[in-house]
Structure formats: structure tokens, C-alpha cells
Amino acid sequence: MDIVANYHPVFKAFLAGSFSGTFSTILFQPLDLVKTRLQNSSHNVVATTVDGRVQPGMITTFVNIIRQEQIVGLWRGMVPSIARCVPGVGLYFSSLHWLKTKLGKNRQDLAAVEAIALGVIARTMSGVALIPITVIKTRYESGVYKYNSVSGALKAIYKAEGIRGLSCGLGPTLARDAPFSGLYLMFYTQTKQAAPKEWLQSPTAASGIHFTCGIVAGIAASLVTNPADVLKTKMQLYPDKFPNAFSAAMYVHQTYGFLGFFKGAVPRMVRRSLMAAMAWTVFEEITRSIGLK
């Protein structure tokens, strides 16, 4: 930690964010896989009857993946997930630190509107930079495409679809991630500001408060942005069928109705809430230990 303490603050934020993103990405990958399968009609099972009882789609999908692909199948797409999420979280936290430093603020001082604006801008910067990996990650998890490696997938997509294929779904991706990060940061900072200051100064209580604030913020932000996540998945899996968000939205509404925009909401809400809460908790602890606030 002494060596890291001498690094530039933005680089320290990147390292802390990347480190925190690694654990949460690996731990919650199965939920992301199930979410993608639920949103993909060719693999989707809304409900099925087992022993006379109706089972929810999420549980059924978990069971089907384990039966067909073994337990290791739940971590399908792990490599592109790490390739996207680890630098993505690092870029987000470093961008956020740089932006708030320019404003002369720290996270505790951010007003609600400032938190939304900083979260949106920081996530947009990292989202645009990593959109090719996002496309590959979605296709890996869907089970529709059979790529052998991330580099092989990059070559195959570029050869067949060009730059457009590597950036398909950018609009819905930003419409999902940017508002999520803005709303999340707002809910997180506002919930944290409501906690007693003496609790936040206590090393034992602080981690629990950070995690709880992260869960509350994650649930609220996930629910609001789930429709954009559904459209992103459709566009990235079937770019020829859905060249834009409007065509994807029309298809979802005509085929599944309004509730179709909330396919995969439960696993996504659980994953995003726990993943973001863990990432922020670890990030807060690391930044405190290396003197970055």
C-alpha cells in the first residue's frame, strides 16, 4: 500500500476500482448469465410446470443451465465479463474521482443533481470505451454464438459486421448504464448522508453502512433502467433484426407486452445491487487505506 500511496490520485482510483470490480464480477457472473438467457427469446422460459407446480423463469433457467452445461456453465462468458467489468469499474471510479476533483468536491459533499450528473458522465466515458467488449460479453452469455476466445470474437464480428457490429446497442447500453450510475450515485450519497456521522467514522460500522447504502441504491437504479437493458440485449444478439432501439422496443411490446421490458429484472436487480454494493464497499475501504478521498 505504501507504493500505491505514491501514485497519481486518478491512477489510485483506477486501481482501487479495478480491484473491487474483480471480486464482484466473478462472484455474481451466474446472475448476469441467467439475466441474459431470460431476455433472449430463444433460451427464455417464462414459467414451467414441475411436479404440478409453476416454477419461475429465473429458477428454471438456473436449473436448465446446470443440467445442460454443468455447474461451470453458470460462469460462461467469464473472460469477456472480466475484460469489460474490471477495467470498466476502474475507468468509472477514476473518471468519477477526476470529475469531482475538478469540481472541488468529495463524495460526501455531492448534492443530488451533482451526483446524477457526475455518475452519468463517468459511466458514459467508460461505456463508450468498452462497447466492443460489451457486445462480446452479451453474445458469449446468450448461448446463441459459439466463440472460442475474446480475440476470436473480435475478429469474427469485425469481419462479418464491421465497426457497426462492435458498437451495436451503444444507445441502449448508455441509456441503461449512464442513468443507472447517475441514479445509483445519487441514491448512494444521499442514503450515506442520512447515516449518523459517528457510524461512518467507525471502521467496524462503516463497511456495513456502505454495503447497505449500496443495496438500496442498486435496487432502485436497476428497476428504473431494466427496459434499456432488454433493448440492449436484443440489439446486440440480433443486429440485423433490430438495427435500432425503436424496432427492438416495438418487438418487445408486441410480443410480450409492457412486462416484457422487465424480463430478467430479478437476477439483474440482485446482481447489480450486490455487485455495486460490494464494489463501493471495497473501493471505500481501499481508498481509505491508501489515503484517497
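**Helix packing and selected residues in a predicted model**

Just after helix 3, G104 adopts a positive phi of about 70 degrees. The model is predicted. Its chain holds 11 helices and 2 strands, and 50% of its 293 residues count as buried.

**Overall make-up**

- Read from the N terminus, the elements follow the order α-β-β-α-α-α-α-α-α-α-α-α-α.
- Among contacts in the chain with a separation of 6 or more, 77% are between residues 24 or more positions apart.

**Helix 3 and R84**

- Helix 3 covers residues 78-102, and R84 is one of its residues.
- The 25 residues of helix 3 should span 36 Å at 1.5 Å a residue, and the end C-alpha atoms lie 35 Å apart, so the two values agree.
- R84 counts as buried because its relative accessibility is 16%, with the cut-off for buried set at under 20%.
- The R84 side chain forms a polar contact with the side chain of T134, at 2.8 Å.
- Leaving aside residues up to four places away in sequence, R84 touches L130, I133, T134, K137, R176 and D177.
- Of these, T134 and K137 fall in helix 5, which runs over residues 131-142.

**Helix 1 against helix 5**

- Helix 1 spans residues 9-39 and helix 5 spans residues 131-142.
- The two helices pack at an angle of about 80 degrees, and their axes are 8 Å apart.
- Helix 1 and helix 5 are therefore roughly perpendicular to each other, since angles of 65 to 115 degrees are classed that way.
- On the helix 1 side the contact is formed by Q29, D32, L33, T36 and R37, and on the helix 5 side by K137, T138, E141 and S142.
- Sorted by class, the contact of helix 1 with helix 5 contains 1 nonpolar, 4 polar and 4 charged residues.
- K137 is listed both in this contact and among the residues that R84 touches.
- An α-helix has 3.6 residues a turn, so residues three or four places apart point the same way.

**Helix 9 against helix 10**

- Helix 9 (residues 203-237) packs on helix 10 (residues 245-256) at an angle of about 110 degrees, with 9 Å between their axes.
- That angle makes helix 9 roughly perpendicular to helix 10.
- V230, L231, K234 and M235 of helix 9 meet A245, A248, A249, Y251, V252 and Y256 of helix 10.
- The residues of the contact of helix 9 with helix 10 comprise 9 nonpolar, no polar and 1 charged.

**A249**

- A249 sits in helix 10 and is one of the residues that meet helix 9.
- Apart from residues up to four places away in sequence, A249 touches L231 and F261.
- L231 belongs to helix 9.
- A249 and A228 are separated by 21 residues in sequence and by 9.1 Å in space, C-alpha to C-alpha.

**G57**

- G57 lies in helix 2, which covers residues 57-69.
- With a relative accessibility of 8%, G57 counts as buried.
- G57 and K263 stand 206 residues apart in sequence, while their C-alpha atoms are 9.5 Å apart in space.

Technical notes: Residues are numbered from 1 along each chain as its sequence is written. Side-chain values use heavy atoms; hydrogens and water are left out. Helices (H or I, at least four residues) and strands (E, at least two) are DSSP runs, numbered from the N terminus. Buried means under 20% relative accessible area, exposed over 50%, partly exposed in between (1.4 Å probe, protein chains only). A polar contact is a pair of N or O atoms within 3.5 Å; within protein, one must be able to donate a hydrogen and the other to accept it, and residues adjacent in sequence count only if both atoms are side-chain atoms. Contact means heavy atoms within 4.5 Å. The expected span of a helix is 1.5 Å times one less than its number of residues. Axes are lines fitted to C-alpha atoms, for helices over the stretch in contact, and angles run from 0 to 180 degrees between N-to-C directions. Angles under 35 degrees count as roughly parallel, over 145 as roughly antiparallel, 65 to 115 as roughly perpendicular and the rest as oblique. Ala, Val, Leu, Ile, Met, Phe, Trp, Tyr, Cys and Pro count as nonpolar, Asp, Glu, Lys and Arg as charged, and the others, Gly among them, as polar.
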